[in-house]
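Keep the view open beside you as you read.

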Amino acid sequence: MQNTTPKESVCPKCGAKMKDFNLGRKCVDTRCTFWVPREIRQKVLSEEIIAELLEQRETRVVHGFHKRGNAQTFSARLYLSDAWKIKLRLENKTGLPCPACGRELLRFARGYRCMDEGNCAYVLWDRFGGKELTDEQMIRLLTLKTTEIIHGFTSRKNGKRYSARIVMQDSGRLKVEFEDGKKV
Ligand SMILES: [Zn+2]
Ligand SMILES: [Zn+2]
């Protein structure tokens with residue numbers, strides 16, 4: 001299927017037109033080096049996202065950027081720095097309630113923590129049983145209070161591999177359940 005012609009974009013740096021080339025879209029004025037790559041961190045940028053970046057200098061939250069060196073993804077806004085570089089701003093607001101106190105949880109590099117750090121020490125780390133949980137697994141745990149069965153955990157006691165679901169109790173504490181429902 002033929003792609004529809006993208007809306008004409010204007011270079012935010014110099015005001016010239018921008019045109020597509022093999023790596024993305026660049027300013028037609030060769031003295032201006034501004035360009036937007038087709039993909040960032042393995043995420044192909046949609047026409048809407050590129051337009052937001054060029055016109056508003058900051059995009060909505062974009063999901064599916066890849067962390068370096070592994071398959072994990074994360075969400076972030078793209079924005080243009082003062083030096084016309086495209087940067088990622090990690091989105092740390094989650095809209096999810098803290099299991100301990102009900103205030104909002106914030107995303108940070110290694111998991112989720114309560115926004116009310118002074119009074120509530122709740123933290124949900126993104127590592128469990130020697131494995132890094134995906135965003136999808138973490139969000140499922142926080143909203144549905146249980147993950148699906150996850151494979152590849154390692155027992156701290158004996159080093160054995162196991163598969164289980166992680167269940168969040170009312171207190172926010174985690175427990176592990178094997179497929180038949182029994183606790184580890
Ligand atoms: Zn330009
Ligand atoms: Zn809290």
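Strand S10 (residues 104–108) and strand S11 (residues 111–114) lie antiparallel and are joined by four bridges. Strands here are DSSP runs of E with at least two residues, numbered from the N terminus, and two strands count as paired if DSSP finds at least two bridges between them. To find one of these bridges yourself, look at Phe108, whose partner in S11 is Gly111.

This is a predicted model, in which local features need pLDDT of at least 70 and side-chain atom pairs count only at pLDDT 80 or more, while totals for chains, interfaces and linings use all residues. Residues are numbered from 1 along each chain as its sequence is written, and chains are lettered from A and ligands numbered from 1 in the order in which they are written.

Now step back to the whole sheet. Its order is S9-S10-S11-S12, four strands in an open, antiparallel arrangement. At the edges are strand S9 (93–97) and strand S12 (123–125), each pairing on one side only. From one strand to the next, the twist averages 30°; the angles run from 0 to 180 degrees between N-to-C directions, with axes as lines fitted to C-alpha atoms.

What holds such strands together? Strands of a sheet pair through backbone hydrogen bonds, either parallel or antiparallel.

Further along, three strands make another open antiparallel sheet, in the order S15-S16-S17. Strand S15 (150–154) and strand S17 (174–177) each have a single partner strand, so one side of each lacks a neighbour in the sheet. Here the twist averages 60° from one strand to the next. Strand S16 (residues 161–168) runs antiparallel to S17 and is joined to S17 by four bridges. Which residue in S17 is the bridge partner of Met168? That partner is Leu174.
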